[in-house]
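My notes follow in the order I took them.

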Amino acid sequence: MQKGIIIRTSQLALTAALALPLTGCLFKSHKVEVRMSTAALRAATKDEIVTSLNHEAAQIKTVNATVDISPSVGGAKKGKVTEYTDIRGYILVRKPTMLRMIGLFPVVRNRAFDMVSDGQTFRISIPPKNKFIVGRNDVTYPTQQGLESLRPQAIFDALLLRPIDPETEIAVLEASTDIVLDPKSKKPVEEPNYILSVIRKGEGNAGWLLARKIYINRQDLQLSRQIVYDGNGGVATDARYENYLDYSGVLFPSKIEISRPQEEYAIRLDVVKLKFNEDLRDDQFALQQPAGAQLVRLDVPPTQRGAATPPPPSTPPTGQAQVLPAPQPQAPVPPQK
């Protein structure tokens with residue numbers, strides 16, 4: 001009998017516990033304000049997005065740009081962020097891999113830096129520090145020396161979107177959302193977007209690797225962001241694109257923000273002038289070590305840097321111009337007329 005009393009008591013306690021939520025004693029609710037974008041959105045399939053990206057990539061063979069460069073250095077590792085004064089820059093790009101970028105100080109227009117890359121190796125002249133830095137595009141020995149960590153390949157990858165190769169890459173489409181600023185209310189809202197994850201076939205036994213994530217704005221189906229990953233799955237470059245303008249029939253972002261989280265530096269490029277598909281000469285991608293400049297080799301261990309040895313010659317693919325010592329231009333790349 002006592003056992004029956006215990007069972008009935010337990011049943012009554014369970015019934016009371018189930019009934020309590022109905023009285024509002026154990027919980028309370030509140031409204032959640034959903035801020036969703038009201039912009040008109042466009043839809044596309046994975047194949048349509050890939051076709052469009054590859055078409056846009058194929059349109060551009062060379063780039064001749066005048067830009068304003070806003071660099072910053074630092075982050076969580078350094079514990080602070082240092083923003084530098086904007087400088088004027090000139091960028092030349094020639095497919096498949098050639099790039100030259102010159103930065104000039106404000107007012108006096110002296111060179112802050114001058115760098116070239118042939119896709120495999122790079123050279124950077126930094127006159128204010130009297131340094132001439134050479135190394136490989138794949139960072140063999142990472143450094144965190146602010147803008148001395150600047151790599152031409154990061155600029156190249158951000159400026160020119162590489163086409164998706166169906167033979168070595170797989171694209172996977174994700175319908176996602178992003179936080180954007182509402183143009184009317186000036187408040188952050190949630191807006192649907194597309195993310196195209198590009199997986200590439202690694203060398204040897206590396207298997208398949210995440211190579212890039214390409215973010216597509218649903219309002220205009222334009223590229224809004226691109227994340228490039230290294231061989232270990234870490235973020236190498238994070239680039240964002242805004243304010244697309246028509247440059248002689250080619251839509252291109254007039255504002256590009258490039259972040260390198262591992263080296264902790266960032267660069268914003270604001271386009272001043274831009275021309276595509278002009279003929280660019282080999283000598284426009286030649287950079288000579290200035291007399292008396294300290295040679296710093298980033299393709300050797302840190303203990304061997306600064307040795308007085310000549311920089312290694314470039315070894316570009318067959319048919320591509322080499323970045324070899326040549327008469328240095330007397331003036332920066334001239335702006336377009």
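**Entry 1: the second largest cavity**

I began with the second largest cavity, whose lining I listed as Val63, Ala65, Val67, Ile91, Leu159, Phe252, Ile256, Leu269, Val271 and Leu274. A cavity here is a set of points on a 1 Å grid over the protein atoms alone where a 1.4 Å probe fits but cannot get out, and a lining residue has an atom within 4 Å of a point. Strand 1 (62-75), strand 13 and strand 14 (265-276) each give two or more residues to this lining. Helices (H or I, at least four residues) and strands (E, at least two) are DSSP runs, numbered from the N terminus.

How many residues of each class line the second largest cavity? I found 10 nonpolar, no polar and no charged residues. Ala, Val, Leu, Ile, Met, Phe, Trp, Tyr, Cys and Pro count as nonpolar, Asp, Glu, Lys and Arg as charged, and the others, Gly among them, as polar. The volume is about 50 Å³. Volume means the space filled by probe spheres set on the grid points, which are joined across faces, edges and corners.

**Entry 2: what I am looking at**

I noted that this is a predicted model, where local features need pLDDT of at least 70, side-chain atom pairs count only at pLDDT 80 or more, and totals for chains, interfaces and linings use all residues. Residues are numbered from 1 along each chain as its sequence is written, and side-chain values use heavy atoms, with hydrogens and water left out.

The chain has 3 helices and 15 strands. It has 337 residues, and 41% of them count as buried. Buried means under 20% relative accessible area, exposed over 50%, and partly exposed in between (1.4 Å probe, protein chains only).

**Entry 3: the largest cavity**

I searched the whole structure and found 3 cavities of 30 Å³ or more. The largest holds about 220 Å³ of space. Its lining has 17 residues, and Glu56, Ile60, Leu159, Leu161 and Phe252 are the closest to its centre. Leu159 and Phe252 are also in the lining of the second largest cavity.

Which element gives the most to the lining of the largest cavity? I got strand 13, with 4 residues. By class, I counted 13 nonpolar, 2 polar and 2 charged residues in this lining.

**Entry 4: helix 3**

Next I checked helix 3. It is largely enclosed by the rest of the structure, because 7 of its 8 residues are buried. Leu159 is among the buried ones, as are Ile155 and Phe156.

**Entry 5: strands 3 and 4**

Strand 3 pairs with strand 4 (residues 98-104) in the antiparallel sense over 7 bridges. Two strands pair if DSSP finds at least two bridges between them. Which residue of strand 4 stands opposite Ile91? I found Met101 there.

A hairpin of 3 residues joins the two strands. Pro96 sits in that loop. The peptide bond from Lys95 to Pro96 is cis, with omega near 15 degrees.

A pocket is an open set of points with protein on both sides within 12 Å along at least five of seven lines. The second largest pocket holds about 550 Å³ of space. It is lined by 27 residues, with Val180, Glu191, Asn217, Gln219 and Ser224 nearest its centre. Strand 12 supplies the largest share, 5 residues. I sorted the lining into 10 nonpolar, 8 polar and 9 charged residues.

Strand 8 and strand 9 each supply at least two lining residues. These strands run antiparallel and are joined by 13 bridges. Ile179 has Glu190 in strand 9 as its bridge partner.

**Entry 6: positive phi values**

Lys186, in the turn between strand 8 and strand 9, has a positive phi of about 60 degrees. Leu221 has a phi near 60 degrees, and lies in the loop between strand 10 and strand 11. Ser248 has a positive phi of about 55 degrees, in the loop between strand 12 and strand 13.

Why does Ser248 count as exposed? Its relative accessible area is 80%.
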